[in-house]
Amino acid sequence: MARKTLGLLSLMTGLASLIIMHAYGESVPVTTPFSSGRADHFHEKVRQMQEFKASFSRRDLAAAATPGYAPAPSPQVTSGPRVYGVISYGADPTGKSDSTEAILKALSDAFNGPREGSLMEGISNLGGAEIHLEGGNYLISKPLRLPDAGVGNLMIHGGTLRASDDFPTDGYLIDLSASKSSSSYNYEYITLEDLMFDSNYRGGAISVINSLRTSIDNCYIARFTSNGILVQSGHETYIRNSFLGQHITAGGDPGERNFTGTAINLMGNDNAVTDVVIFSAAVGIMVSGQANTFSGVHCYNKATGFGGTGIYLKLPGNTQTRIVNSYMDYTGIVAEDPVQLHISSSFFLGDAFIVLKSINGVAKGVNIVDNLFSGKNNG
């Protein structure tokens with residue numbers, strides 16, 4: 001039936017073309033005078049022909065929609081969802097009830113979702129899957145861990161995580177660690193972005209263990225007691241445009257003498273901290289790994305007068321650290337047995353200082369140049 005319809009449609013199309021060619025073709029000059037009656041009759045016939053032609057098109061479309069017609073199958077979608085909104089998993093964005101299991105279920109689905117090749121050997125590419133917190137404030141009672149190691153290209157973003165009153169005091173709200181891995185690294189290219197972490201004075205916020213190319217960007221980390229961010233082993237964790245403080249204060253906090261914890265603890269190599277403010281902690285940045293770099297870091301955490309340190313380089317004889325364009329505000333830099341240490345273009349306010357601390361009496365390749373010091377001339 002469809003073939004007959006198409007054949008008749010083609011015939012009528014040809015006939016319409018023949019009529020028009022006859023009316024306006026070379027055999028009849030365009031300027032040939034037509035009587036008013038002939039012109040009206042001709043245009044009426046053309047209108048009827050067009051309506052007749054259109055009716056066949058409508059019939060053909062109706063036939064295509066009938067159950068007996070089998071159109072070509074559409075391409076199958078094999079990638080699946082890539083954005084996992086945690087509210088749809090039952091997470092409570094008001095923070096009144098525990099959302100731990102709901103967020104872990106979203107992480108599990110992302111982990112088990114479509115994969116596209118690999119990054120490092122043994123690291124599967126999740127294709128940029130996103131755990132979207134959808135602007136909510138979520139109560140968490142235990143660390144959020146991925147189900148297993150060996151994945152990369154995953155983002156967690158867009159909300160607040162708050163530790164419950166029974167959260168383990170040695171835990172981290174997001175814990176990128178694993179008991180075993182088929183790769184030399186646990187994870188690669190995990191991005192934590194646009195997040196606020198409230199550790200509720202029970203442990204830390206972020207733990208990155210033996211991972212590669214981790215990005216922590218635009219995060220606000222507060223009320224930790226151990227480490228705001230712990231980086232252990234691995235390579236190239238980049239911490240950017242973030243704010244860290246044990247107490248939420250802009251200075252003059254009455255509890256300042258009781259500050260504890262470390263805002264950023266770098267126990268690995270080749271990491272970078274850029275455009276970060278550390279406003280409350282006993283130690284702003286503790287460094288025990290090699291070849292780390294700091295730029296645009298503003299430390300006004302626990303002042304030196306109360307026993308605090310801005311940046312502490314605790315890797316005697318193997319520092320290889322660069323600190324540039326930073327601001328040490330009433331708190332200083334301490335470097336044990338510095339080797340290949342570079343400090344430049346930085347500002348030291350309120351008797352803030354640099355100490356080269358002798359452990360084994362080593363100091364090699366130390367460059368401290370082009371800095372500004374502003375104090376009370378107390379030595």
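Ser199 is placed in the loop that links strand E6 (187-198) to strand E7 (204-209), where helices (H or I, at least four residues) and strands (E, at least two) are DSSP runs numbered from the N terminus. The model is a predicted one, in which local features need pLDDT of at least 70 and side-chain atom pairs count only at pLDDT 80 or more, while totals for chains, interfaces and linings use all residues. Residues are numbered from 1 along each chain as its sequence is written, and side-chain values use heavy atoms, with hydrogens and water left out.

Ser199 has a relative accessible area of 0% and is therefore buried; buried denotes under 20% relative accessible area, exposed over 50%, and partly exposed in between, with a 1.4 Å probe and protein chains only. Not counting residues up to four places away in sequence, Ser199 touches Ala163, Leu173, Gly204, Ala205, Ala222, Arg223 and Phe224, a contact being heavy atoms within 4.5 Å.

The chain contains three helices and 22 strands. Of its 379 residues, 46% are buried. Among contacts between residues at least 6 apart in sequence, 61% join residues at least 24 apart. The accessible surface of the chain is about 18,800 Å², with 54% belonging to carbon and sulfur atoms; such areas come from the Shrake-Rupley method with a 1.4 Å probe, and for residues only the protein chains shown count as cover.

In soluble globular proteins, nonpolar side chains tend to be buried together. A nonpolar core is defined as a set of buried Ala, Val, Leu, Ile, Met, Phe, Trp, Tyr and Cys residues joined through side-chain atoms within 4.5 Å. The largest such core has 67 residues, of which Ile103, Ile131, Leu161, Phe197, Ile264 and Ile285 touch the most other members. Helix H3 contributes the largest share of this core, seven residues. Phe197 touches Leu161, Leu173, Ile174, Ala205, Ile206, Cys219, Tyr220, Ile221 and Ala222, not counting residues up to four places away in sequence.

One cavity of 30 Å³ or more was found. A cavity is a set of points, on a 1 Å grid over the protein atoms alone, where a 1.4 Å probe fits but cannot get out, and lining residues have an atom within 4 Å of a point. Grid points are joined across faces, edges and corners, and the volume is the space filled by probe spheres set on the points. The largest cavity holds about 40 Å³ and is lined by Ile103, Leu107, Ile131, Leu133, Leu144, Ile156 and Leu161. Helix H3 (100-111) and strand E4 (151-163) each supply at least two of the lining residues. The lining comprises seven nonpolar, no polar and no charged residues; Ala, Val, Leu, Ile, Met, Phe, Trp, Tyr, Cys and Pro count as nonpolar, Asp, Glu, Lys and Arg as charged, and the others, Gly among them, as polar.

Gly296 belongs to strand E13 (residues 293-299) and is partly exposed, at a relative accessible area of 22%. Its C-alpha atom is separated by 7.0 Å from that of Val324, 28 residues apart along the chain. Gly296 touches Asp275, Val276, Val324, Asn325 and Ser326, not counting residues up to four places away in sequence.

Most residues other than glycine have a negative phi. Ser233, in strand E9 (residues 227-245), has a positive phi of about 60° and is partly exposed at 37% relative accessibility. Gln320, in the loop between strand E14 (309-313) and strand E15 (322-324), has a positive phi of about 50° and is partly exposed, with a relative accessible area of 25%.

Note on methods. 1 Å grid on protein atoms, 1.4 Å probe; cavity = no way out; pocket = protein on both sides within 12 Å on 5 of 7 lines; lining within 4 Å.
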